[in-house]
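This report covers ring pairs, charges over rings, a helix crossing and backbone angles in one structure. Please look through the sequence and the model before reading on.

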Amino acid sequence: MSETYTGIEIGSRQVKMTQCSDNCVYRAVVEPLPDNYVNMGTIVSMEAMSEFLKDMAKRERFMDKKCAIVLPNSVAFSKRLTMPAMTIEHLKINLPYEFHDFISASPKKYVFDYCLLEMHTNDDGKPVSMDLMAAAAPKEKLQEYAGMLKRAGFKMAIAAPEIFAYSNMIREHEAAKQLGEPAEYCFVDLGYYSTKLHIFSGNRFEVTREIEYGCSMLDRAVANEMNLDEHIAHSYVRENYKNVWELEACRDVYDSIAVELMRAINFYGFNNPSSNLNTVYYCGGGSLVTPLVEAVTRQIPLVPRPVSELVPVSGEIPEEAFISPAAIGIAFQ
């Protein structure tokens, strides 16, 4: 039996917490964050966030103290690599050089890690090259996260970028379904400050595109339309109070996000003519805004499928829990 972990993803407006065992999710909770806890992916106060996580875990009775946390893009760098076949010792030496475009400080100040996707061999069976997903994060930041989680009552056992979490989830899905050939997967994360498009071939990460349009634009649109403070407008959007989702200003935002996603999908298809991508999984807080999802679905030529199809579940899991597949996949082993 595998170990049990609490998976955590801290977003700009919400915290998602899961409990997973044997690569199956059996509890999941999403709670809104107070204002000014996170700014553009950066936690403003580690102490305040510790208290929030501690209270949330106690309130929701999360007892598993081993924690797997999703690192935001503001903390961790990740990329897909193809490198000559080498030993683990040589890989540890060479991996930092693959991130020279991302880091400016000494590599000694960073932690580097990787996941082997595939080893390529020649006709004689000798390894010649390997595909990797690799990540780098500042040691100081990882220590801050470990300290924050310790004060909240957790022990940080796993910390990785979101694409590793998606890859874990896809790997387990394909193993359970015993798929002969890996499928292609597209995740559209309708986030608060931006919208992210992740595409995988099997559990192999292919590409991420980040669009600088997010659900914060809906808050601004409602605030301008109804002469409200933006914080109050956010509560209107979250609850669809007074049917604000149907405002013309909001529909303009939906269309803007949809058009940018269509361009990103078309660009991927142009650069990958052999692609058979045909489905999309919506997640993020914006996936609960029905007319936004409908607007995107009209624009991009992909069939929408629920994220829950990819996740083994035990018991009753609320629909909103699946807005964060990363909080689930990060706790898979």
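The model is predicted. A search of the whole structure finds 13 aromatic pairs. In one of them, the ring centres of Phe99 and Phe112 are 5.8 Å apart and the planes stand at 50°. Planes under 30 degrees apart would count as stacked and planes over 60 as edge-to-face, so the pair of Phe99 and Phe112 is tilted. Phe99 belongs to the loop between helix 2 (88–94) and strand 8 (110–121), while Phe112 is in strand 8 itself. The pair therefore ties together parts that are 13 residues apart in sequence. Both Phe99 and Phe112 are buried.

Ring pairs also build a cluster, whose members are Tyr166, Tyr185, Phe187, Phe200, Phe205 and Tyr281.

The table gives two cases.

| Charged residue | Ring | Distance from charged end to ring centre |
|---|---|---|
| Arg27 | Phe62 | 4.6 Å |
| Lys65 | Phe154 | 5.7 Å |

The next topic is the packing of two helices. Helix 7 spans residues 248–271 and helix 8 spans residues 290–299. Their axes come within 8 Å and cross at roughly 40°. The crossing of helix 7 and helix 8 is right-handed. On the side of helix 7, the residues in contact are Arg251, Tyr254, Asp255, Ile257, Ala258, Val259, Leu261 and Met262. Helix 8 meets them with Pro291, Leu292, Ala295, Val296 and Gln299. Sorted by class, this contact of helix 7 with helix 8 has 10 nonpolar, 1 polar and 2 charged residues. Arg and Asp count as charged, and Arg251 and Asp255 in helix 7 are among the residues of the contact.

The last topic is the backbone. Most residues other than glycine have a negative phi. Which phi does Asp22 have, positive or negative? Asp22 has a positive phi of about 55°, although it is not a glycine. Asp22 is placed in the loop between strand 2 (14–21) and strand 3 (24–32). With a relative accessible area of 41%, Asp22 is partly exposed. Asn240, which is not a glycine, has a positive phi of about 55°. The place of Asn240 is the loop between helix 6 (230–239) and helix 7.

Methods: Residues are numbered from 1 along each chain as its sequence is written. This is a predicted model: local features need pLDDT of at least 70, side-chain atom pairs count only at pLDDT 80 or more; totals for chains, interfaces and linings use all residues. Side-chain values use heavy atoms; hydrogens and water are left out. Rings of Phe, Tyr and Trp (its six-membered ring) pair if their centres lie within 6.5 Å; planes under 30 degrees apart count as stacked, over 60 as edge-to-face and the rest as tilted. Helices (H or I, at least four residues) and strands (E, at least two) are DSSP runs, numbered from the N terminus. Buried means under 20% relative accessible area, exposed over 50%, partly exposed in between (1.4 Å probe, protein chains only). A charge sits over a ring if NZ of Lys or CZ of Arg is within 6 Å of the ring centre and within 35 degrees of the ring normal. Axes are lines fitted to C-alpha atoms, for helices over the stretch in contact, and angles run from 0 to 180 degrees between N-to-C directions. A crossing is left-handed if the near helix is turned anticlockwise from the far one by less than a right angle, and right-handed if clockwise. Contact means heavy atoms within 4.5 Å.
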